[in-house]
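Trainee: Could you walk me through a structure and show me how to read its features?
Mentor: Gladly; let us look at it together.

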Amino acid sequence: AFGDRFKLHFASADRQLNVNIVVYTGTTCASLGYNLPASDEGFTQEFTFAEFTSNGDATVSWGDIDHIVVVVQSASLGSDDWALTKFEVVNGPGQ
């Protein structure tokens, strides 16, 4: 009922970005990351829960998340301009 993926909305990014989401539930964490190309226009990236990789043999309880960490970074030196306009949980692609 609460969704099956995170969806990040960006206004733009002047350089390639590496975007990772890490979720924590109890002593277990899981993560998923993407390298996103630069774009002068708005774009979105979905992070499907089923694609997250957990630490060890434990599994994340998606109904009981304690913390969500979003890491946005670039490998370039100098000015990086990007804007995250919305972070949401959706149910199904294109929602």
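This is a predicted model: local features need pLDDT of at least 70, side-chain atom pairs count only at pLDDT 80 or more; totals for chains, interfaces and linings use all residues.

Trainee: Where is the place of F87?

Mentor: F87 sits in strand β7. Strands (E, at least two residues) and helices (H or I, at least four) are DSSP runs, numbered from the N terminus.

Trainee: Which residues form a nonpolar patch on the surface?

Mentor: The patch is made of I68, V70, W82, L84 and F87, which together have about 390 Å² of accessible area. Two or more of its residues come from each of β6 and β7, and β7 gives the most, with three residues. As for the rule, patch residues have over 30% relative accessible area and no salt bridge; like charges are joined within 9 Å and nonpolar side chains (Val, Leu, Ile, Met, Phe, Trp, Tyr) within 5 Å. The areas come from the Shrake-Rupley method with a 1.4 Å probe, and for residues only the protein chains shown count as cover.

Trainee: How do I read aromatic pairs?

Mentor: A pair of aromatic rings is described by the distance of the centres and the angle of the planes. Rings of Phe, Tyr and Trp (its six-membered ring) pair if their centres lie within 6.5 Å; planes under 30 degrees apart count as stacked, over 60 as edge-to-face and the rest as tilted.

Trainee: How many aromatic pairs does the structure hold?

Mentor: The structure holds nine. One of them is F6 with F49, an edge-to-face pair at 4.9 Å centre to centre and 65° between the planes. F6 lies in strand β1 (residues 5-13) and F49 in the loop between β4 (43-48) and β5 (53-54), so this pair ties together parts that are 43 residues apart in sequence.

Trainee: Are F6 and F49 buried or exposed?

Mentor: F6 is buried at 3% relative accessible area, and F49 counts as buried at 9%.

Trainee: Now the strands, please. What should I look for?

Mentor: Strands of a sheet pair through backbone hydrogen bonds, either parallel or antiparallel. Two strands count as paired if DSSP finds at least two bridges between them. Strand β2 (residues 17-25) pairs with strand β3 (residues 28-36) in the antiparallel sense over nine bridges, and N18 has N35 in β3 as its bridge partner. These two strands form a hairpin with two residues between them, where G26 in the turn has a positive phi of about 60°. β2 also pairs with strand β6 (residues 67-73), antiparallel over seven bridges; there the bridge partner of V23 is I68.

Trainee: Which order do the strands of the open sheet have?

Mentor: The open sheet of three strands runs β4-β1-β7, with antiparallel pairing. β4 and β7 (82-90) stand at the edges with a single partner strand each, so one side of each is left without a neighbour in the sheet. Within this sheet, β1 and β7 pair over eight bridges, and R5 is partnered by V90 in β7.

Trainee: How many salt bridges does a search of the whole structure find?

Mentor: The search finds four, each being a side-chain nitrogen of Lys or Arg within 4 Å of a carboxyl oxygen of Asp or Glu. R5 and E46 meet at 2.9 Å, N to O, linking strand β1 to strand β4 across 41 residues. E46 also forms a salt bridge with K7, the closest N and O atoms being 4.0 Å apart. E46 is buried at 18% relative accessible area, and K7 counts as buried at 8%. Salt bridges that share partners join D4, R5, K7 and E46 into one network.

Trainee: And what about K86?

Mentor: K86 meets E88 in a salt bridge of 3.8 Å, N to O, and K86 counts as partly exposed at 43% relative accessibility.

Terms used:
Residues are numbered from 1 along each chain as its sequence is written. Side-chain values use heavy atoms; hydrogens and water are left out. Buried means under 20% relative accessible area, exposed over 50%, partly exposed in between (1.4 Å probe, protein chains only).
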